Amino acid sequence: MTPPRADSADICLLLEGTFPYVSGGVSSWVNQIIRGFPEYRFACCFVGSRAEDYGEMKYTLPDNVVHLEVHYLHQPGDGAEHKAHDGDRVAFDKVDQFHRMLSSGRVSDSRNRLFAELVDQLGDGQGLCESAFLHSRASWDLITDHYRRHSRDPSFVDYFWTVRTMHAPIWVLKRIADDLIPARLYHTVSTGYAGFLGAMLKHQTGRPLLLSEHGIYTKERRIDLFQSEWITDNRSMVEKNNTEMAYFREKWIRFFQELGRECYQASDRIVALYENNRLRQVEDGAPPQRTLNIPNGINLTAMREVRARRNEEIPPVACLIGRVVPIKDVKTFLRAMRTVANLMPEAQGWIAGPEDEDPEYAAECRALIHSLQLDDHVHFLGFQNIADLLPKVGVIVLSSISEALPLVLLEGFAAGVPAVSTDVGSCRQLIEGLDEEDRALGSAGEVVGIANPEALGRAVAGLLRDPERWRAAQQAGIQRAEAYYTQERMFASYRALYQSLLNDGEAR
Amino acid sequence: MAGIGFELRKLLRQDTLLGLLRAYAYAGVIGSGPWVLSIIGILIVGLISLGVVSPAVAVTQFQVTVTYIIAFSLVLTGTLQLAFTRFCADRLFEEREDMILPNFGGVTLLVTLVSGVLALLAALFLFPGQSVLFRTVLVACFVVVSNIWIATIFLSGMKQYRSIVLLYGVGYAITVGAAFLLRGFDLEGLLLGYLIGQSALLSGMLVLILRGYPSKRSVAFELFDKRWLYPSLMLVGLFFNAGVWADKFIFWMDASTGSPVIGPLRASLIYDIPVFLSYLSLIPGMAVFLVRMETDFVEYYSNFYDAVREGGSLSYIEDMRNQMATTIRVGIFEILKIQAIAALLLITVARDIFGLLGISELYLPLLRVQLVATALQVVFLAIINVFCYLDQRRILVLLTGLFLVLNVVFTLISLRLGPQFFGYGFLLALAVSVGLGLWLVQRSMGRLEYQTFMLRSG
């Protein structure tokens, strides 16, 4: 299928490694948003790492996606020999000056002005064009100078390629920005490279930029970078200091932080899913007056139907809905089930989610069930249709060590299932309420600390064994989901945002 | 010659005076071996035949014929020398040794065909006055000698230095012996002797190659595959060899300095003897050059690239760069020093040699000029070698091309200017090329890291 092409669009979505080529929470959300606004013509600008990292489209494109373009950030070099040239010393001095500002860690108007000035010189034939960065003497001198001044890692080749690899996408983004069809509003769903593209587009076109962040990009990257083995640490045993992060890892993290900061500075509005993330954005350089929260919303009608299928009894079933992977900390759930089973022998623990992502971890979990003698109590169900599953569940359990705004909790609430969750992401906000009015609805379950099976188990058993409390929690959950977390509410918030930004854009 | 370093370092590591001397001796013979042995060989054949072969002019005819065979075969195979060496080195680096022998077969086949056809055409149309035997032997000699150059490159690529030296020694002993025995058959006899010796040399090499490197395929032309062929290196080989022979050829052809010897072949008595004598002084310079370049230089060179690849610090990389530059500087000074000593030695005995050969002492100045030029030629070779290592093919083409053009132009001018300027054409061409080469070496070394990192995108 050839991607749709158009000359212009109303809203251009900047998508880094997500919809429509990667499935997941953010992608589904993008899909939901596009379908929720049939009155706007969307352009999708997908930015991936390398072509071979992606397969077929995972979503059918909605009809109002009038334009789709696909770009890859990491491209192999051309292998040709290049001519030596001096390069624009003045321009590279400015780059140096900009990096000094970065290391001071402060945002200021002068820094923003300098950034705009640098971005203006990125085009072909200008002082900071790609070939100047890749091949000029001025660029070489700057890189070696920074290596001598800053690098804590002795390996020059790794320093050099780290600098090159992380900066090279900037010129790819510049070309994307130059060639992108005109749009009335740019909407990026992450910071990172896509967010930086948004910042460039904003400077270039003057059109408004909207940022919606689900996770926090830099935080996710931090986890990626800690797990990646391709980042080398060349310090010898003597030089190594375990309190210090591998230098190149730190460099990457700081790079993404700065990309994020530029995006925050350029964005007209900055949307977080929930309060804690908003605070984190502000901490990372987002101007507070531009930030706001818009939580995800669920399809209430569908969930009401599911709720109608429940009977009056409270099933003695605690269910963890999610992939069997370490981040969900399934093992803590299993240990908690031991406590639950001790307190109520009839209790059942279900795990509903695919096991194929980390088979080794799944095998460990099965072994743990056996050694905890929970074979009669705990069952792996595999992937389940939520509409069939929820009516049979007594309490939804989330033992994760990291979450953003988990839709399963909201869907559970709307379907009449209270929850016990670890205190991560927005879980406390969802279960206990955010502002006073929200909190007045009551608690939809219980929040416990992470990696505390005893507490988790007692909370689950406590809820299941106290029908009165359980019913109160059920009602609180239903009311909270219906009042704050509906799809309609989310669409209304975005509609207001889109309209005001589009009007502002026209007025400029 | 890129692979010689390992063997030399092994010798140097013995750390004794004997080991050191042996290392230098090896280097001297390998670096200048083919050249010098050829010159000594034909001089000796000439000497032992004096007074035995009649007419005496047959000896000169023999020497001139062999000189042409060597010159033209070197220029002809020069196009393949560097390209084939590079092909072998690259495949060795990739550990695909199995590709090398079939391609050696391919190159041999090609060289045999081309040299055979060229020599046959020359024998058919250019030597109407000569016997059929002479013409047949001429064709055979040209083909055999052309193949010897290719086999030599192959064996040095395979680091078989000891065998090369041994085979050349035996080959030339047989040449001299056979020529001595056949000297009664005049020109044809001498040439037949030469053919027998050279054939023995080539056979020895081929036996060594085939025994040491069995292969399933015997002939392949992957060398000419676009992925693996460097046309620029073919140009460099051609330009360098043609450049080295250009001034000699011009002196042969010029009416005032050359005279016909046999068929269309001409020689220049006044130019040739000083030139070939001065080439004898090449031995010590080549030895120093090889030891310096192929051991010290290569050590820093590989340290440099290892540090670049495997994460050395920038200061270490720069240090290795500086060491490389120092080695080049020291090496060139040492070449000049040792060449100066060799030149002085030759000049002191030159008068006697000229007397012995019956050459007018008027040509002593030409010998002096040629000795200086020979020293520069060694330096020029060293510069070419450095740029081969740095893989700066554009500069290689520029330098060798310039050398060829300047040698032709300056030699023609020197001929116009008269006998007191003979030899200055070659000298000046080398001086300019060496001067430019040294400047380019300095510039390249000054920006080696910049170039390595920034100008070669991987």
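Chain B of this predicted model has a mean pLDDT of 83, and 89% of its residues reach 70 or more; pLDDT is the predictor's confidence in each residue, from 0 to 100. Residues 1-6 of chain B have pLDDT below 50, with 15 contacts in the model beyond near neighbours in sequence. Residues 11-15 of chain B are also below 50, with 9 such contacts. A contact requires that the C-beta atoms of two residues, placed from the backbone, lie within 7 Å. Where pLDDT is low, the predicted coordinates should not be read in detail. The model scores ipTM 0.72 and pTM 0.74.

Residues are numbered from 1 along each chain as its sequence is written, and chains are lettered from A and ligands numbered from 1 in the order in which they are written. In this predicted model local features need pLDDT of at least 70 and side-chain atom pairs count only at pLDDT 80 or more, while totals for chains, interfaces and linings use all residues.

Chain A holds an open sheet of 6 strands with parallel pairing, in the order β10-β9-β8-β11-β12-β13. Strands (E, at least two residues) and helices (H or I, at least four) are DSSP runs, numbered from the N terminus; two strands pair if DSSP finds at least two bridges between them. At the edges stand β10 (378-380) and β13 (445-448) of chain A, each with a single partner strand, so one side of each has no neighbour in the sheet. Neighbouring strands are turned by 20° against each other on average, direction ignored.

| Pair | Bridges | One facing pair of residues |
|---|---|---|
| β8(A) and β9(A) | 5 bridges | A:Val317 and A:Gln348 |
| β9(A) and β10(A) | 3 bridges | A:Gly349 and A:Val378 |
| β11(A) and β12(A) | 3 bridges | A:Ile396 and A:Ala419 |

Helix α13 (residues 330-343) of chain A packs on the sheet and touches β8 (317-321), β9 (348-352), β10 and β11 of chain A; its direction makes about 180° with that of β8(A). Helix α16 (residues 407-414) of chain A touches β8, β11 and β12 of chain A, at about 170° to β11(A). Axes are lines fitted to C-alpha atoms, for helices over the stretch in contact, and angles run from 0 to 180 degrees between N-to-C directions.

Strand β9(A) is largely enclosed by the rest of the structure, because 5 of its 5 residues are buried (20 or more other C-beta atoms within 10 Å of the residue's own, placed from the backbone). A:Gln348, A:Trp350 and A:Ala352 lie on one side, and A:Gly349 and A:Ile351 on the other.

Note on methods. Buried ≥ 20, exposed ≤ 12 C-beta atoms within 10 Å, placed from the backbone.
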